[in-house]
Amino acid sequence: VSDIQSQGGRHSGCRMAMDAKNNLWIGTGDSALSSAPQDPKSLAGKVLRVDRNGKAVTGNLSAPFDTRIYNFGHRNIQGIVLLNAPLENGAIGLTSEHGTDKQDEVNWLLPGNFGWDPKTTKNTYNETAAMTDKQKYPDAISAVWNSGESTVAVSGMTLLTSERWKLWGGWLAMATLKGEHVRMLQINGDGSVVNDKKILSNFGRIRTVVEAPNGDMFLATDNGKGDDKIVRVIPE
């Protein structure tokens with residue numbers, strides 16, 4: 001789709017997930033276009049939900065939005081994980097996205113505005129805009145977690161659901177590129193992060209992590225030196 005291809009060579013997003021109803025979820029970047037994240041007709045800076053034919057799914061945002069859009073106001077989504085059942089707040093998953101020079105985010109997968117708006121009064125791209133701009137959009141949905149005053153370049157993520165993980169069960173495992181580790185987050189249903197730990201910091205840049213059906217965790221490195229690998233992590 002032409003309007004989610006990066007016209008500036010960056011912010012293309014990179015993550016998809018298929019749900020139990022065979023609907024495809026797509027996280028897109030804002031294509032470094034200043035108006036795209038808040039534009040209801042642009043597919044950039046959004047989470048999209050479509051069927052196997054690429055058509056809109058009932059329950060997405062309504063007019064004036066393109067009906068393939070589930071939520072909006074994102075900078076550059078890098079990860080999507082779906083839950084087996086909705087939480088009390090209605091969230092059916094989580095997304096991760098790159099911040100500017102700070103505040104990478106993890107967000108609930110909910111309909112609505114997540115507050116990224118880099119458009120200035122001169123229609124230029126403001127790289128220092130707030131990731132969740134509560135001044136412009138008081139109703140913007142707050143992040144579940146952010147990286148604070150620096151970035152770790154969050155990427156793909158997985159939920160550890162196997163009983164083999166014991167006390168780690170239910171935690172979110174998230175790859176980081178710049179941070180060069182797997183970030184482990186224990187998140188309550190109310191959105192509070194009760195534990196935040198770094199593990200597996202000896203493989204360099206990590207692009208994504210996936211839990212296998214047997215409970216093992218696989219991670220893919222992205223160091224670009226010709227020696228990248230798939231690593232299997234076995235719970236003890």
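**View 1. Two buried rings, Phe65 and Phe72.** Phe65 and Phe72 are both buried. Buried means under 20% relative accessible area, exposed means over 50%, and partly exposed lies in between (1.4 Å probe, protein chains only). The model is predicted: local features need pLDDT of at least 70, side-chain atom pairs count only at pLDDT 80 or more, and totals for chains, interfaces and linings use all residues. Residues are numbered from 1 along each chain as its sequence is written, and side-chain values use heavy atoms, leaving out hydrogens and water. The structure holds four aromatic pairs. One of them joins Phe65 and Phe72: the pair is tilted, with 4.7 Å centre to centre and 45° between the planes. Rings of Phe, Tyr and Trp (its six-membered ring) pair if their centres lie within 6.5 Å; planes under 30 degrees apart are stacked, over 60 edge-to-face, and the rest tilted.

**View 2. The protein chain as a whole.** The chain has zero helices and 16 strands. Both are DSSP runs, numbered from the N terminus: helices are H or I with at least four residues, strands are E with at least two. How many of the 236 residues count as buried, in percent? The share is 51%. The C-alpha trace spans about 55 × 35 × 35 Å along its principal axes. The accessible surface comes to about 11,400 Å², and 49% of it belongs to carbon and sulfur atoms. These areas come from the Shrake-Rupley method with a 1.4 Å probe; for residues, only the protein chains shown count as cover.

**View 3. An open sheet of five strands.** The strand order is S1-S2-S3-S4-S8, and the pairing is mixed. S1 and strand S8 (112-113) are the edge strands, each pairing on one side only. Two strands pair if DSSP finds at least two bridges between them. Strands of a sheet pair through backbone hydrogen bonds, either parallel or antiparallel. S1 and strand S2 (residues 24-27) run antiparallel, joined by four bridges. Met18 has Leu24 in S2 as its bridge partner.

**View 4. Gly13, ahead of strand S1.** Gly13 lies in the segment before strand S1 (15-18). Is Gly13 buried or exposed? Gly13 is buried, because its relative accessible area is 18%. Gly13 and Ser31 are 18 residues apart in sequence, yet 8.3 Å apart in space, C-alpha to C-alpha. Setting aside neighbours within four places in sequence, Gly13 is in contact with Gly27, Thr28, Gly29, Asn76, Ile77 and Gln78. Contact means heavy atoms within 4.5 Å.

**View 5. Strand S6, covered on both faces.** Five of the five residues of strand S6 (residues 93-97) are buried. Gly93, Thr95 and Glu97 lie on one side, Leu94 and Ser96 on the other. S6 pairs with strand S5 (residues 77-82) in the antiparallel sense over five bridges. There, Ile80 has Thr95 in S6 as its bridge partner. S6 also runs antiparallel to S7, joined by four bridges. Glu97 has Glu105 in S7 as its bridge partner.

**View 6. Asn107, inside strand S7.** Asn107 is found in strand S7 (residues 105-108). Why does Asn107 count as buried? Asn107 counts as buried because its relative accessibility is 0%. Which side chain does a polar contact of 3.2 Å join to that of Asn107? It is the side chain of Glu97. A polar contact is a pair of N or O atoms within 3.5 Å; within protein, one must be able to donate a hydrogen and the other to accept it, and residues adjacent in sequence count only if both atoms are side-chain atoms. Not counting residues up to four places away in sequence, Asn107 touches residues including His74, Phe114, Ile141 and Val144.

**View 7. Strand S15 and its two partners.** Four of the five residues of strand S15 (residues 217-221) are buried, so S15 is largely enclosed by the rest of the structure. Strand S14 (residues 206-211) pairs with S15 in the antiparallel sense over five bridges. Ile206 stands opposite Thr221. S14 and S15 form a hairpin with five residues between them, and Gly215 in the turn has a positive phi of about 100°. S15 and strand S16 (residues 230-233) also run antiparallel, joined by four bridges. Met217 has Val233 in S16 as its bridge partner.
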